[in-house]
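Please open the model in your viewer and keep the sequence panel beside it.

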Amino acid sequence: MRSHFRKLAAALALALCSALPAAAQDCPIRIGAILSLTGSLGSVGEAIGEAGKLAVDEVNAAGGVNGCQVEYLLRDDQGQPSVGLDAAKSLVEIDRVSVLLGAIQSGISMPILTSVAIPSGIPQVSCCSTAPSFTTLAAEGGTEGLWFRTIPTVRPQGIIMAEKAREMGYENPAVIYVNSDYGSSLAHAFEEAATAQGLTVSSMVPYQQEQSSYRAEVSTALRGKPDSLFLIAFPADGANALREWLSLGGPQTLMLSNALRAEEFVSAVGPKYLSQAIGIDNSQIEGESVDIFEQAWSTAYGTSPDGPALHNMYDAAMSVMLAMQAGGSVDGQSIAENLRAVTGEGTPVLTGTEGFAQAKELLAAGEKIAYHGATGAFTFDEFGDVAGPYVIYSVKEDGSFGEVDTWDTARVDAAVQAFNDSLK
Amino acid sequence: MTGLLAYFVFFATIATIYAIIVMGLNIQWGFTGLFNAGVVGFYAIGAYACAILTGPARDTLIGGFGMPFLVGLAGAALAAALAGLVVALITLRLSEEYLAIATFGIGLTVQLVALNAAGLTGGANGLYGLPRPFWSLFDSVQAFNLFYLVFVVVIGLLVWALLARLVRSPWGRLLRAIREDDVAARSLGKNPVSVRVQSFVIGSAIMGTAGALYTGYVGFISPIDFIPILTFQIWAMLIVGGSGSLLGGVIGSFVIWLIWTGSGTLLSRLAPPDLQAQSSAVQVVLIGLIIVLTILIRPRGLIGEKSAVSSKK
């Protein structure tokens, strides 16, 4: 009886101790998100915002973070950096959020990072910004370790595609790419890697979106007499450009970017012209943690989670809350350190309310956890980037897609490492 | 409270930068009647000129000269003035509507050049890691922000003083004469084209200065900072505030920018959490509604232009 009493007292003391830091901080804990809910990306932004909300709702159902309920404040940047900046500043200064999620476009995430997040010592986790400039800035020490993103950058895609080009025996591919931060980053990563592989990129041709004709761009690309084409485009423009390419006698040895893995593109071009094409895409990640997320999404919103970056936004929100729980604090430095800790080595924890509840138990027991998210398991590297698995796809005769090669995270990491070493 | 103050300092800095652009447009439209629909282009030229002059050197860039900020500021005004001169010489013989179309095209062109001339502008990725002026003199961000607000306000007041002097001078009366009746001005032996060019160049230089101030404050610029909607915002500020009145333009800048950003804060507090994602559509409607109502209720703007002749006898 006496030992029971002692155990109880010890448990009580422990509970009190662990409750102390929670009492020291203000409830509720606030998370701010800045996304493009209107403007050119409004159609995808709304669903991305809801993915973040789903994670917060689940954590609250599991009893919240550090004994506090979490409040999710979502603000619109209207696709304009100055509006996004203002939203970020008011979230940080007036609403006192502990962390910022977003934005979608790199051109908005960057000013928020450099003029709001870093000066205020608040971590920023983006679901969607892929520009390589963040990696450069982090390498220069400009992000002070406060920048993270749950979407893989396009650099590995360029490196893998260059490797595939060499495998296929192409010698002087041309590149036609959409002139956005995504397109130009991927194109230049490919060019750099292809050159390192001993290939010669015959021409790099950017195009503007939503033009009625791409004849001029295609002619420019054909001038260097390329033996193949790497087309980095979105479906409608891509089909438009490729039809011109084929009609002007361009070779059918094609390499396609991830966004072109779309029925719309294949039916607009015709599958018979795509028999020699290969493409790269983020691999459909499978596993229990993914299923739990998708199930929860369907239950909550009655649709399937098909939009871009939903999974990444969910993971951004979830990993931030795990980091707060692991550090027992909403201090910016603590969150930043623990973001790496909860995605490193440890006992795997999954998504959903149960996943978070389990993580809380493990952390309370002093164990390390490794979050397996809606995008599978991932690890933030020293620059806040994550690597992801890829698949090389082909187009079958009936217009459906096949998989000809898979690149898991380890293989991707090795390829990137080998390329980095070759630069030295 | 300190948080609210910190936010206000930030808000006022951006609003003052916009107020400076509005002053540039005011001299062009408010006083001279030149319909510049490419405001964002001159603002962008100033911003990029400053970024190229003051930014850090990078392998992939031609620019990055690491010069002091004041050089960047002067360079921005000069570059925008030059651009204004070229544009003015080409387009100012055009009448109103054609001038609007031509300048709108020029605004878009500048943004496309920024997007494509990657060696100079960083392309879609923009220019980043730009130094903030006098940053090292301050030990806290709040102190720097406060300093920068004062700095921007001082520049704004200088521009104001310059314009106030100009529009009171005989030259200023000439501007209004040309605005009201081109033929009458010519019959008095004045050269409207030359005066229009001068007015356009001065306005452009002011817009360029504002661009440099934005660059110095944010430390990052990319083409999406210069999307056409900014031109529309600046126009809304001028019209709501009262075109032809310096004070009106400044008040309009603060009012419109407050509506533009404050409606977001307001809605995020009023809207139920489940509808947060949808409420932003209401924000856009609200912004439009307020602008339309202001113009309906006060057609000459919040502060209209002072009548130059005494109409009441």
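Is the link of Cys127(A) and Cys128(A) left-handed or right-handed? Select both cysteines and look along the S-S bond: the angle about it is -90 degrees, and the link is left-handed.

Before moving on, a word on conventions. This is a predicted model, in which local features need pLDDT of at least 70 and side-chain atom pairs count only at pLDDT 80 or more, while totals for chains, interfaces and linings use all residues. Residues are numbered from 1 along each chain as its sequence is written, chains are lettered from A and ligands numbered from 1 in the order in which they are written, and side-chain values use heavy atoms, with hydrogens and water left out.

**Stop 1: the disulfides**

Stay with Cys127(A) and Cys128(A), whose sulfur atoms are 2.1 Å apart and form a disulfide (a pair of cysteine sulfur atoms within 2.5 Å). Cys127(A) is buried, at 0% relative accessible area, and Cys128(A) counts as buried too, at 11%. Here buried means under 20% relative accessible area, exposed over 50%, and partly exposed in between, using a 1.4 Å probe and protein chains only.

Now select Cys27(A) and Cys68(A), a disulfide with 1.9 Å between the sulfur atoms. This link is left-handed, with -75 degrees about the S-S bond. Cys27(A) sits in the loop between α1 (2-24) and β1 (29-35) of chain A, and Cys68(A) in the loop between α2 (42-61) and β2 (70-76), so the pair ties together parts that are 41 residues apart in sequence. Helices (H or I, at least four residues) and strands (E, at least two) are DSSP runs, numbered from the N terminus. Cys27(A) is partly exposed at 48%, whereas Cys68(A) is buried at 1%. A search of the whole structure finds 2 disulfides over all chains.

**Stop 2: the sheet**

Colour the strands of chain A in the order β2-β1-β3-β4-β5 to see an open sheet of 5 strands with parallel pairing; two strands pair if DSSP finds at least two bridges between them. At the edges stand β2 and β5 (147-149) of chain A, each with a single partner strand, so one side of each has no neighbour in the sheet.

Zoom in on β1(A) and β3 (residues 99-102) of chain A, which pair in the parallel sense over 4 bridges. Pick Ile34(A) and you will find Gly102(A) of β3(A) opposite.

**Last stop: the domains**

Finally, colour chain A by domain: domain 1 is 25-151 + 286-377, and domain 2 is 155-276 + 389-423, with bounds from an automatic or database domain assignment. Their centres, taken over C-alpha atoms, are 32 Å apart.
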